[in-house]
Every structure is written in structure tokens, then in C-alpha cells.
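This report describes a protein model for a reader new to it. The sequence and structure come next.

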Amino acid sequence: MTIQNIIHLFGGLGLFLFGMKFMSEGINQVAGDKMKNLLEKLTSNRIKGFLLGVLVTVIIQSSSATTVMLMGFLNAGIMTLAQATGVIIGANIGTTITAILIAIDVSAIAPICIFIGAVMALFSKKTTHKYVGQIILGFGILFFGLKYMSGDNAMGVLKTSEAFQSFITKANNPFLGLAIGIIMCSVLQSSSASVGVLQVLALQGVMPIGFAMYLIIGINVGSAMPLFLSALGAKTNAKRAALIYFMFDFVGMVIFTPITLFTPFCDWITTLSANGSVQVATGHIIFKVVTALALLPFVPIMVKISEKLIPQKEHESQFRFTYIDPKVADNTVSAGPQVLAEVERMAKIVRENIELSAEMFISGDLTREREVTDNEELINWLNHSISDFLVTLTSHEQSAGMSERIVRVFHTITDLERIGDHALNIYDRAKEVDDNSLHFSESAIEEFKGIYDEMLVLYDGAVEAFLNTRLTDAEAHRLHAIEDTIDRHTREAQDNHVQRLREKKCSTSSGVVFTKVLQDLERMGDHAYNIAWSGRRDKALIKTI
């Protein structure tokens, strides 16, 4: 095999890998959100999760991508590790679709797919049509690369290579096959691509199924490498998901290595088809299906093993993401739920500070002031850190819907941070009252309580509307009415305060503090209403405060 042959081989392999990635990215853009919704809704038990894993991976063409998506859902708290395990097992079967397509050899239509896909990707006006074109173009490039690899200028030359023929004839060492398979998949970062290379070799008649089966086993074990790399420095459940993925292929290795070595399994496969590519695809599918059926009843045990090997760690600092995993920023499908979960966490901390500061102002008890200041620091940290993560997301290609949601999240976390600032202002007013021994009339405190209660109702409704991305006309009118009520009651309380000043029922100093506290509550209501509007899909109204 000359240098020129090697260059042709790598060129074809490059086209194959690029086509697969390009097609997968297009599918993610078109169907990613739908796949996310399916994964969220249909993983109530291991069987549904298993079938869903098969379906999703058949569509997006990558079990690793499905598992990375699951890591994001685990971090966001959308599903449990047991539910994710069922999907991972199913995903391992779904990934065999590429081998099936290669086996039936649809490379004849590759040039047509490249032309149609390129025209759609370059000239379509609708974004969705562009992504569909990307899928078709990626599909065509994938099979064009495959055909190029199998040509006489690349792998075809191996048929006449005495050195390779001598090696492959004597190659019956399972450890050698496993090692080559693991290294091959670790380098290519794709089990589908690695098996595709084997199919091309088998199609040339230079890869007997007896040795190919050991390579297939090694390739599947090596397919866990990208996930382990993704899980480095990730959260606990993400690491467990990567370990479970590896456990699947490790068990498959334990089952099929002795079967291949000591039984006529490979001879039986050759009786099914004389086509070497079909034989490799068949061995690959049987490996996946048998392993999946063997492990599916033991999902709880797999989860317990992963929890035992990777225990939950206690984190010293609270200034960290609970749900967002920065390592999956390139997977916007799984990053979306993580961001929403982190925003919900931020909203809960803001609400806690609202309650704490208001109770301090009402009761004069400042014993929990440290909680308020700690929460405020965390709110500010989350605001900046989530913003940075969103900027990272925008550096990757987004669907129109995802881009719009990112903008809405930006607005929402800004409003949450400002509400937190106003809560801190109320805490500062409470300290001022305590430091200067100021007093308020009973009617003033009751007015504060009334506006405070209304503001909390508005805040809760606004956060719920944002998180559910659903602000109906009726809910919008209800929240708007609450905001109007807050504004009206604030004006009335201010007027009442002026009257109390005239009647000498309160001091000027306490009156100034009271007016500022009312303004803080009223401004909180404005920001809360902004958050509600961020949950309205058909509106882009964002107030500037």
C-alpha cells in the first residue's frame, strides 16, 4: 500500500466522518427539540425508555450523542438515573442503523443526495428547509466517502497486498482484535464510523467475520471513550451515565468474546449472507441486541453499581452550577433544560431573599441577615455565570426557537437579579430602622404587608409562566391586574403616609424609609411582570426598567 493509497483512504474516511457529523447536526436542528420532549415525557419506565432510546438514536445516528443529551437531562433533574439507563441501553441498539444502511449499499444515490442537499442548504429561504438540506447533503457525503474508501485507489488495493493477506489469514487472536477495535474507535470517536470501515474491508473480501467480530467487540468498548472525556470534571450523574454506557459494552465483551472463540457463531453468520458487509452488520446488531436484552432486567443493579463506584461528593462552595454542565454546551438540546433548571433555582433563591428581607422589615428581627447577604452573592454569581454559559451557547449553531429562548433567558435572569437587588434594599431599610430605632404605625405595617403579599403572588405567577413558556391571555390579564393593584396600593399607601405626617403620627425619618420600601416593592412587581412576558411565545414585549 503506497502513500497515495493511504491519502485516498484518509480522504474517503474524512468525507465519511464529516458527512456523518454534518447529517447528525442537521437532524439535531430539525428534530432536537422534539427528541427532547419525547425523552422528557416517555421515560416513566425502563421499557419505554429502552424503546425511546432506540428511536431517538435511529433518528440522530449517534448513541454517544443520545447519552450526552441524557447527561444534560440528568443534571437538570428531568429524569432519574434509572430512567436514563433504559434509554442508554436502547441507544446502543439504535446506533446500528448506520451499519444497516451501509450493508444495503445506497451509495449509488450519494451524488444525487449531494446535489439536492447542497441546493437546499444554500438556496432555501426557510431555516428548516436549510437543515433538511444539510441532512441530505451529509447523507450523500457520508456514502460518497464510503464509496471512495472502498475504491481501487484506497482499500481496494489491500486485495492484492500479500502482507495484509498474510496478516488477516493468521489473525485469530481475540486480544489483538479487541485492542485494535478499542484503539480504532478511540481515534475515530465513533463506533458507527469504525464499523463502517470494517464493512468496507469486508466488502473487499479482506476482513473475515471471524476476526471482524473481535474488532466489533473492541469497537463497542472503545465507543465509551468520548463519553468518559465528556464526563471529566462533569457532575456525578453525568459520570455515572458514562460508566453505565461502558458497563453495557463491557458486559457485551464478556458475553461475546467466548462465544466467538469457542462456538460456530461466526460460521453461522456466514450462512446468512455471502456479502461481507452484511456479515459485519449482522454481527454488530446481534452483539447490541443480545447485550441489551441481557441487561434490561438488571437496570436497578447497574444504577446501584454506578452509585457505588461514583459516590456523591460534598461540594465546599455554593458558587457552582447545580444543573448546568458546561461540558455539554455544544449540545443545545440538553443544555436548554439545564439552563431552565438553573434559572428556576435562581428564582427560588430570589424569592427566599424577598421573604427574608420583608420579614426583617416587619418584625425587626435581623438574626438571619447573613442568609440574605449570602443569597445576594449567589444570585449575582448565578446571573453572571448563566449569562456566560448563554454566550457560549450562542457560539454554536442554534435553531430560531432556541435563539429566541436564549434571549428571553437573558432578560429573565437580569430581572431576577434586579428583584434580588430590591430585596437587599429592603433588608438595608430594615437595618436602618434598627440602627436608628425608628417606628412605624400599625396601619403602615399592614399596608406594607398587603402590597408584599400581592407582589409575591405576581412573582410566583410570573416565574411559573416563564418556566412553562406559557402565558395565556387570561393569565396575562390576571397578572397585569395584580401589577396595577400593586401600583394603586403603593400610591394609596404613599398618600396615607403623607396624611400621617400631617397628623404627626410618624416621624419624617421613618416616613422616608417607608416610602423607599414601597418603591422597592413596586419595582419588584414591574420586574416580575417582565418575567411573565418572557413566557409569552407570541410576544416580544420586554419593559426597560
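**Terms and source**

A residue is called buried under 20% relative accessible area, exposed over 50%, and partly exposed in between, with a 1.4 Å probe and protein chains only. The model is predicted: local features need pLDDT of at least 70, side-chain atom pairs count only at pLDDT 80 or more, and totals for chains, interfaces and linings use all residues. Residues are numbered from 1 along each chain as its sequence is written, and side-chain values use heavy atoms, with hydrogens and water left out.

**Exposed Phe123**

Phe123 counts as exposed because its relative accessibility is 61%. Phe123 lies in helix α6, residues 110–123; helices are DSSP runs of H or I with at least four residues, numbered from the N terminus.

**The largest nonpolar core**

A nonpolar core is a set of buried Ala, Val, Leu, Ile, Met, Phe, Trp, Tyr and Cys residues joined through side-chain atoms within 4.5 Å. The largest one has 65 residues, and Ile354, Phe361, Ile386 and Tyr459 touch the most other members. Helix α20 gives the most to this core, with 13 residues.

Beyond its neighbours within four places in sequence, Phe361 is in contact (heavy atoms within 4.5 Å) with residues including Ile426, Phe440, Phe448 and Val517.

**Around α20**

Ser437 sits in the loop between α19 (400–435) and α20 (442–468). Ser437 has a positive phi of about 50° although it is not a glycine. Because its relative accessibility is 53%, Ser437 counts as exposed. After α20 comes Thr469, whose phi is also positive, near 50°.

Notes
Helix = DSSP H or I, 4+ residues; strand = E, 2+ residues; numbered from the N terminus.
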